[in-house]
Every structure is written in C-alpha cells, then in structure tokens.
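Here's a quick briefing on the fold you're about to look at. Have the viewer open and follow along.

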Amino acid sequence: YASCLGLNERPFSKTPDPRVLFLSRGHREALARMQYAVEERDLVLLTGEIGCGKTTLSRALMDTLDDSFKVVCLINPRLTPLEFMNSLARHLGVSEPARFQVDLLEQIGKILFEYYENGKTPVVVIDEAQLVPHKETFDEIRLLTNFQLDDRNLISIVLMGQPELTRRLKHRAYEPLRQR
C-alpha cells in the first residue's frame with residue numbers, strides 16, 4: 001500500500017514522532033504553554049487521555065528548545081524518592097550520585113547552579129507521571145523548585161500524565177505541589 005499511496009514511510013506509527021504531529025488548536029495551546037513554562041523555569045502540568053498526543057507534544061517541545069536547555073526525560077517514574085533523585089542526578093551529569101539524601105540534594109544543587117552559570121536551563125520532563133507511586137516522590141519533585149536564586153528558578157519541570165493524575169493531585173495532601 002505504501003507505493004500505491006506514494007508513501008515514503010509507514011503511516012500511523014506508535015512512536016511519538018513530532019514530525020507528524022497535527023497541531024490542533026488544543027495541541028498548539030498546550031505546546032505554547034509548555035514552552036512558556038520552560039522559558040520561565042516553572043513547573044507545568046499537562047494531562048490528557050491515552051493516545052491524545054502528550055508524549056508527542058513533549059518531543060515537539062524538546063525540538064523547539066535550543067542548546068541553552070538541558071532536557072532530562074524520565075519515562076518510567078515508578079521510583080522511590082531516593083531512586084528518583086538518583087536518576088535525576090545521573091541524567092544531569094553527576095557521575096557518582098551520593099547514597100544519602102542530604103548529600104544527593106547538595107550534588108543536585110551544585111550541578112543546577114553550574115548549569116545556570118553556563119547559561120543552561122535544565123528541563124525535567126516526567127512522562128506518565130500518574131505512575132509515580134509515592135506522595136514522597138511528588139514532594140521531591142516539588143522541592144526541586146526550591147533550587148532558585150533571588151529572581152529565578154534553576155530548573156523547569158514538566159509533569160505529563162493521564163487524567164487520574166489531576167484527580168490525584170486534587171487531594172489535600174498535594175496542596176503544596178498544586179500551589180507551585
């Protein structure tokens with residue numbers, strides 16, 4: 001059928017290829033909001049039903065970012081708080097993440113400041129965030145926004161997930177994260 005229809009590649013792949021993203025009005029708005037949040041070094045939440053294009057939008061977002069951004073994409077967030085922070089530290093370039101939380105936070109803070117001094121903004125994209133198993137892991141994500149200077153955050157965070165993530169975050173226990 002490919003030659004009959006004049007296609008050069010298989011249509012409707014299951015991979016999140018931003019080259020074939022149809023930017024509907026909703027997708028265009030979501031992408032613009034994510035771009036704005038990343039440029040402002042904020043925390044942003046994107047939710048939608050399975051198959052609506054969240055992951056593809058995240059890839060499109062990454063494609064719009066230049067070399068002044070360091071993108072870390074975490075696609076399996078089923079991690080304990082310490083595992084999450086360890087994984088983040090490794091992705092940010094910490095060669096030997098510390099075993100203890102307090103030391104690990106110091107390493108992450110140091111590398112975030114190094115990125116700032118070098119004109120780079122780290123962007124952490126957490127796909128399938130509804131799978132984060134522990135409230136404490138969400139607390140660590142929120143506390144990442146505490147890495148800041150007087151006038152700006154040192155990191156941008158994009159949380160993406162299915163609608164149950166929104167329902168989960170409505171619980172009173174997540175109020176500090178919602179406020180961010």
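**How the helices and sheet pack**

Helix α2 passes α3 in a right-handed crossing (right-handed if the near helix is turned clockwise from the far one by less than a right angle, left-handed if anticlockwise). Helices (H or I, at least four residues) and strands (E, at least two) are DSSP runs, numbered from the N terminus. This is a predicted model, where local features need pLDDT of at least 70 and side-chain atom pairs count only at pLDDT 80 or more, while totals for chains, interfaces and linings use all residues. Residues are numbered from 1 along each chain as its sequence is written, and side-chain values use heavy atoms, with hydrogens and water left out.

**The α2/α3 pair**

- α2 (residues 25-39) and α3 pack at about 50 degrees, with axes 10 Å apart; axes are lines fitted to C-alpha atoms, for helices over the stretch in contact, and angles run from 0 to 180 degrees between N-to-C directions.
- That makes the two helices oblique to each other (under 35 degrees is roughly parallel, over 145 roughly antiparallel, 65 to 115 roughly perpendicular, and the rest oblique).
- On the α2 side, His-27, Ala-30, Leu-31, Met-34, Gln-35 and Val-38 meet Leu-57, Ser-58, Ala-60, Leu-61 and Thr-64 of α3, contact being heavy atoms within 4.5 Å.
- Sorted by class, this contact has 7 nonpolar, 4 polar and no charged residues (Ala, Val, Leu, Ile, Met, Phe, Trp, Tyr, Cys and Pro are nonpolar; Asp, Glu, Lys and Arg charged; the others, Gly among them, polar).

**The sheet**

- Four strands form an open sheet in the order β1-β4-β3-β2, with parallel pairing; two strands pair if DSSP finds at least two bridges between them.
- β1 (43-47) and β2 (69-74) are the edge strands, each pairing on one side only.
- From one strand to the next, the twist averages 15 degrees.
- β1 and β4 (residues 156-161) pair over 5 bridges, with Leu-45 opposite Leu-159.
- β3 and β4 pair over 4 bridges, and Val-123 stands opposite Ser-156.
- In β4, 6 of 6 residues are buried (under 20% relative accessible area; exposed is over 50%, partly exposed in between; 1.4 Å probe, protein chains only).
- Ser-156, Val-158 and Met-160 point one way from β4, and Ile-157, Leu-159 and Gly-161 the other way.

- α3 (residues 54-64) touches β1, β2, β3 (121-126) and β4, and its direction makes about 155 degrees with that of β4.
- α4 (residues 81-92) lies across β2 and β3, at about 145 degrees to β2.
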